[in-house]
Amino acid sequence: MSVDLDQTPRSLLISERSSFLDEKSRISSQVEQQHFNYKVSVLLPECGPTPSHLDSVLNSFSSFYLIRQLPIYELLDKHFLETAVYQGSVYGLSYRTRVDEENCVALMPNGRLCLSLDKDSFQVLGVEGKPSRFNHRANSRYVVSVDLTDSSMAPGGRGYLRLLTGLRSRLHLKTDFVLSHHPGGGASLQSLLSRHDWSEHRPEISHHALTNLSCPALPTSDLQSCDPHSFLEWLGAMDADVSCENSSSSFLSSLVCPEPKTTLSRALSVSVCGLLLPQDIHRLIQELRCYLEQPRLESWASLTVHGFVDSPVSWGGGEHGVLRGGENLYTLLMFHDHTYHLHLATGAHDTCPP
Amino acid sequence: MSVFMDLNLSFTAERSRLRSLIETAAHLGFSTVAINYVHEPTTKKKQEVPTPTPINELIDQLPIVQGRSRPIRVLNRLTVVMSESSYFRPADPAYRSFDLLAISPATEKLFHAACMSYDIDIICVPVTEKLPFTLKRAPVNGAVDRGVVFEVSYSAAIRDSTMRRYTIANANSLMESCKGKGVILSSAAEKALELRGPYDLTNLGLLFGLSDKDAKEAVSSTCRSVLLHAESRRTANGIIYTTKSCSDSSCQQEAPDSELCDAPAAKRLRPPPRVTDS
């Protein structure tokens, strides 16, 4: 039996082209549906210091809270449900848990609590759930998804009590948890935070100025200059500060810039890390559109949003897993005439992005 | 999927080396490791089965696994290198102090016996030499049905290029017989540098002929099923196990959770109905 080494790990890439001015463009719903965003990186060609408006938008991203060893039944607390979940949207994700190894918890803004459990925990918990879509041979991972805003899960109801007793007395699930609330911020979460060991965090911003780099020529959005795979590879190399020169003396990287290419004298790469809300990303996109409206040397900008690798859900509540890599990201390449290319990429164990 | 495990870390008498092995394994992301004591009995002189050193003597503070918030779990394992059938004595009380039992058979007859009848958890596939016997489908499937897994260790492949060829060739012939089920990948690492991370092992599994998902299972779910098999092997009928209490005298009986064992609950024997003459 010969080994087929040509097979690369399965991944999915969806590319879309549209314009912000087009009323059928789905960009806002696509951004909204990716609830848990870990990192946003922006690449601005021919840009020196960070523009002040961009800086202020980045600095105004909402802060998020980290609770250490939160018992998950606390998310079913009546007061927390009334003040935070029913009003506005709560974004919560278990932290320092691996989705392919252990139990993960996600609280989505539409009030859905999603638990991704391994077989033992699921059998101990005793609540209805479905086997994961990515099981192989034997069922080893189960997903329990409950809608906390549904009438059957109202506090005191049968479904609510069953889940509460399961989490409180049978399973004892406790993980670190990152939490954010829109639009209330920390105030609505205070009742939950005050009972545990919590800390507030601001998203971490880092700037990186690149000089003398080759870049694929992207004059307008109509020209099919380079295919999405090579463009995304180049973009990733820029973000990771990997050289694309492929000089014969260097063995570290053989990545090349896709043809046709031009040379940029400088570029700015800014990235923000943390639990980022889709609303903040919307504002960033609007700010970048304003930036591009003014005449520039290079008339494009790119924004890449990475989702959490260890989140049990990705776009719109679809199940997410890790086979060899759990990437779920999208790249928005914007041009000055309000047109854009959107590339949505996921790994093997993921649902199709919208 | 379950947590990543490496069930073969060679035991060395040097405490510092063993400690660095365990720390490297925790750093790479393995949540459970097993320290392997190799017992190679020969006809010439009688050798005692090694006793495992308690974990708290080896290392004071178990390191936290990278990316999680729990410390690494360390188990003990015994590998008996068998060239004759009399070398494996399952009734030996020294075997009971080990969590996992493994056999490394040298002949075809022993391999067949190990697959079909011996009370063990792991069968080691030789990787340092050309396979001395062919791995036929019948005993391999019999072993997989019983819950016994086959182990392929990779650190020999790291040390030497000839071993690399043997490892890949032997692993490929194993995969032809077992179709990727019931295989675990582990290092037989003697030094911390010979350990590789779990996702790297998933890639290595592709070279051995496993599919993507099978290779990932070989490092996680199959190892978990080996541990459950070992726990139920040490019980009676999968329900009760006995442990010697710390005090000198008797044994205590404890019933662990029956969820841990995959065997169904044993029915109580009813006394035979009395026959009366009338």
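Predicted model: local features only at pLDDT ≥ 70, side-chain atom pairs only at ≥ 80, totals over all residues.
Chain A contains an open sheet of seven strands, arranged in the order β1-β15-β14-β13-β2-β12-β11 with antiparallel pairing. The edges of this sheet are formed by β1 (12-19) and β11 (204-216) of chain A, each of which pairs on one side only. On average, neighbouring strands of the sheet are turned by 15° against each other, direction being ignored.

The pairing can be followed strand by strand from β2 of chain A. Strand β2 (residues 37-45) of chain A is joined to strand β13 (residues 300-307) of chain A by six bridges, and the two run antiparallel. Within this pair, A:V40 has A:V305 of β13(A) as its bridge partner. Eight bridges link β2(A) to β12(A), again in an antiparallel arrangement, and here A:N37 is partnered by A:L276 in β12(A). Further along the order, β11(A) and β12(A) run antiparallel and are joined by 12 bridges; in this pairing A:S214 finds its bridge partner in A:T263 of β12(A). In a regular strand the side chains alternate between the two faces of the sheet.

Two helices of chain A are placed against this sheet. Helix α2 (residues 52-59) of chain A lies across β2, β11 and β12 (261-276) of chain A, and runs at about 135° to β11(A). Helix α7 (residues 228-239) of chain A also packs on the sheet, where it touches β1, β2, β11, β12, β13, β14 (328-335) and β15 (339-346) of chain A. The direction of helix α7 of chain A makes about 125° with that of β11(A).

A further open sheet in chain A has eight strands in the order β7-β8-β6-β5-β4-β9-β3-β10, with antiparallel pairing. Because β7 (130-131) and β10 (197-201) of chain A stand at the edges with a single partner strand each, one side of each is left without a neighbour in the sheet. The partner strand can be examined at the β10 end: strand β3 (residues 64-71) of chain A runs antiparallel to β10(A) and is joined to it by five bridges. In this pair A:F64 stands opposite A:H201 of β10(A).

Some local features of the backbone also deserve attention. Most residues other than glycine have a negative phi, and most peptide bonds are trans. The peptide bond from A:H182 to A:P183, however, is cis, with omega near 0°. A:P183 is located in the loop between β9 (174-182) and α6 (186-193) of chain A. A:H172, a residue other than glycine, has a positive phi near 55°; its place is in the loop between α5 (158-171) and β9 of chain A.

How much area do chain A and chain B bury between them? The value is about 2,400 Å², with 44% of it on carbon and sulfur atoms. Chain A contributes 24 residues to the contact and chain B contributes 29 residues. There are five salt bridges between chain A and chain B. Among them is the pair A:R137 and B:D214, whose side chains meet at 3.1 Å, N to O. On the side of chain A that touches chain B, helix α4 (residues 119-125) of chain A gives the most, with three residues. The residues of that side of chain A comprise eight nonpolar, five polar and 11 charged.

How values were computed:
Residues numbered from 1 in each chain as written. Chains lettered and ligands numbered in written order. Heavy atoms only, no water. Contact = heavy atoms within 4.5 Å. Buried area = accessible area lost by both parts, 1.4 Å probe. Salt bridge = Lys/Arg side-chain N within 4 Å of Asp/Glu carboxyl O. Helix = DSSP H or I, 4+ residues; strand = E, 2+ residues; numbered from the N terminus. Nonpolar A, V, L, I, M, F, W, Y, C, P; charged D, E, K, R; others polar. Pairing = 2+ DSSP bridges. Axes fitted to C-alpha atoms, helices over the stretch in contact; angles between N-to-C directions.
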